[in-house]
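I opened my notebook to look around a structure that is new to me. Here is what I looked up, entry by entry.

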Amino acid sequence: GGGAGGRGAVWMCGGYTERVLGRLDPPSWKNYTKRCRLAAAGAEGRSVLGRPARGDDADALVRCLRDLGAVIEESDDDDGARCLRVTGFGRTPKPCRVLNPGNAGAVARFLMGTAALLPEVRFETDYADSLGRRPHSEVLDALRSEEHTSELQSLVNLVCRLLLEKK
């Protein structure tokens with residue numbers, strides 16, 4: 001199991017000591033990494049993200065941020081650790097018609113806010129039976145204002161169509 005001391009758990013047992021030496025190098029946390037990537041893409045200029053987490057959600061977010069105009073390059077830092085160098089699009093993401101967040105609900109919801117800067121964008125996924133059934137209306141409701149409308153459509157392979165129009 002995954003409990004303390006079980007298979008797959010990291011644990012240590014020892015006596016009392018006044019001093020502990022060593023280096024702790026925990027893995028990156030996916031949720032923080034997503035937020036850092038989004039913040040770097042929305043910033044003006046260049047950012048460096050050290051030791052970013054990997055995974056399908058991260059790949060989906062990077063793909064969408066590139067579609068929106070961010071330049072994201074992977075390299076190693078001076079210590080040989082993986083890093084991302086991100087040149088952000090700032091307040092002016094590149095207009096794109098479609099964003100595909102894969103099966104990543106957090107990616108879809110994070111990008112809806114960024115998509116509000118565009119005249120129109122459609123979120124599509126190949127995971128309509130999973131991502132397409134998750135709630136997104138609270139984010140769309142928050143994006144509605146006196147100046148804009150948003151529309152949620154449920155179609156095959158379509159999470160939502162975010163249409164922000166001047167009233």
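Before I start, one cut-off: I call a residue buried when its relative accessible area is under 20%, and exposed when that area is over 50%. I also note that this is a predicted model.

**Entry: the cysteines.** I asked how many disulfides the structure holds, and the count is 0. Next I checked burial. Cys-64 is buried, with a relative accessible area of 0%. Cys-96 has 12% relative accessibility, so Cys-96 counts as buried too, given the cut-off of under 20%.

**Entry: helix 2.** Cys-64 sent me to helix 2, where I list it among the buried residues with Ala-58, Ala-60, Leu-61, Val-62 and Leu-65. Helix 2 covers residues 56-67 and reaches 17 Å from its first C-alpha to its last, close to the 16 Å expected. What do its buried residues pack against? I found helix 1 (30-42), strand 2 (71-76), strand 4 (98-99) and helix 3 (105-115). Just after helix 2, I noted that Gly-69 has a positive phi of about 110 degrees.

Entry: I searched for cavities of 30 Å³ or more and found 1. About 40 Å³ of space lies in the largest cavity. Its lining includes Lys-30, Lys-34, Arg-37, Asp-56, Asp-57 and Ala-58. Helix 1 and helix 2 each supply at least two lining residues. By class, I noted 6 charged, 2 nonpolar and 1 polar residues in that lining.

How values were computed:
Residues numbered from 1 in each chain as written. Predicted model: local features only at pLDDT ≥ 70, side-chain atom pairs only at ≥ 80, totals over all residues. Heavy atoms only, no water. Helix = DSSP H or I, 4+ residues; strand = E, 2+ residues; numbered from the N terminus. Expected span 1.5 Å × (residues − 1). Buried < 20%, exposed > 50% of the residue type's maximum accessible area, 1.4 Å probe, protein only. Contact = heavy atoms within 4.5 Å. 1 Å grid on protein atoms, 1.4 Å probe; cavity = no way out; pocket = protein on both sides within 12 Å on 5 of 7 lines; lining within 4 Å. Points joined across faces, edges and corners; volume = space filled by probe spheres on them. Nonpolar A, V, L, I, M, F, W, Y, C, P; charged D, E, K, R; others polar. Disulfide = S-S within 2.5 Å.
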